[in-house]
Amino acid sequence: MRGQDDLLHRGIGMTSQRTRERLIARLVEEGICNSQVLEVIRKTPRHLFVDEALAHRAYEDTALPIGNNQTISQPYMVARMSELLLAAGPLDKVLEIGTGSGYQTAVLSQLVERVFSVERIKGLQDRAKERMQGLNLRNVVFRWGDGWEGWPALAPYNGIIVTAVAADVPQALLDQLAPGGRLVIPVGAGDVQQLLLIIREEHGYARHTLGAVRFVPLLNGPLA
Ligand code: SAH
């Protein structure tokens, strides 16, 4: 069924070109202004990070289910968190907690030197890895484990991003932040969640609250 496959891909290609531009325009309207971030989102094929049945919705500015009760983050949130991480200049080592589909991972990998990504659900991690290989994004290392612990062996990190919400900031992540390093993390419970930017200073941490958000919970322990 080669012909049909080609048609399908062309179909997705045509819709996505127009809808991708529309998505970028929307992100700009919503206040995203880092042109590097916008360019990377424009060229990253989000439809490859969701089920084929949802591919036609991939360029809507919305979270979508990816199985295992998890969601691919909303493009606006991916853009905003990336922009916050990068706001003080280029980053070499970034730790990501919550690989999920790998979409945020793929975006980050095109903006920083190296990404270290931790996911607790093995099946999601395996699929994210395949996608990264398919897109030839080679500067990402994956770990199957519990994000509450961070990834101590490779610390410190200049940036840490967490894409699931907890009641408190995990202490391990604060410890693994390099001096001057930036941690972007949602904190709260249920409907009451806030995005935080925490910057490690010479003595202590500066904490900025950046508005209401909605994420799935940061759970405990790895899951096969
Ligand atoms: N950025 C991802 C978002 C995935 S949703 C994307 O755009 O696809 C949040 C992810 O965090 C889920 O995949 C979930 O399994 C993972 N997660 C939740 N608790 C975790 C923990 N303690 N350690 C590692 N990953 C965790």
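1. Let's start with the strands: β2 (70–72) and β4 (114–119) each put at least two residues into the shell around the ligand. The largest share, three residues, comes from β2. Strands here are DSSP runs of E with at least two residues, helices are runs of H or I with at least four, and both are numbered from the N terminus.

2. Keep in mind that this is a predicted model, where local features need pLDDT of at least 70, side-chain atom pairs count only at pLDDT 80 or more, and totals for chains, interfaces and linings use all residues. Residues are numbered from 1 along each chain as its sequence is written, and side-chain values use heavy atoms, with hydrogens and water left out.

3. The ligand is surrounded by 24 residues, and the closest are Ser101, Glu119, Asp146, Gly147 and Leu219. To count as near, a residue needs a heavy atom within 4 Å of the molecule. By class, the shell has ten nonpolar, eleven polar and three charged residues. Asp, Glu, Lys and Arg are the charged ones, Ala, Val, Leu, Ile, Met, Phe, Trp, Tyr, Cys and Pro are nonpolar, and the others, Gly among them, are polar.

4. Have a look at the backbone around the ligand. A ligand nitrogen is 2.6 Å from a polar backbone atom of leucine 219, and a ligand nitrogen lies 3.3 Å from a polar backbone atom of arginine 120. For serine 73, a backbone N or O atom is 2.9 Å from a ligand oxygen. Taken alone, the ligand exposes 570 Å², and the protein buries 100% of that (Shrake-Rupley areas, 1.4 Å probe).

5. What has a volume of about 490 Å³? That is the largest pocket. Of its 35 lining residues, the closest to the centre are Gln70, Thr71, Thr163, Ala164 and Val216. The ligand takes up the space of this pocket. β2 gives the most to the lining, with three residues. A pocket is an open set of points on a 1 Å grid over the protein atoms alone, with protein on both sides within 12 Å along at least five of seven lines; a 1.4 Å probe fits at its points, and lining residues have an atom within 4 Å of a point.

6. Now the backbone. The peptide bond from alanine 155 to proline 156 is cis, with omega near 5 degrees; proline 156 sits in the loop between β5 (140–144) and β6 (157–162). Asparagine 68, in the loop between β1 (64–67) and β2, has a positive phi of about 55 degrees although it is not a glycine. Most residues other than glycine have a negative phi, and most peptide bonds are trans.

Notes
A polar contact is a pair of N or O atoms within 3.5 Å; within protein, one must be able to donate a hydrogen and the other to accept it, and residues adjacent in sequence count only if both atoms are side-chain atoms. A molecule sits in a cavity or pocket if more than half of its atoms lie within 2 Å of its grid points. Grid points are joined across faces, edges and corners, and a volume is the space filled by probe spheres set on the points.
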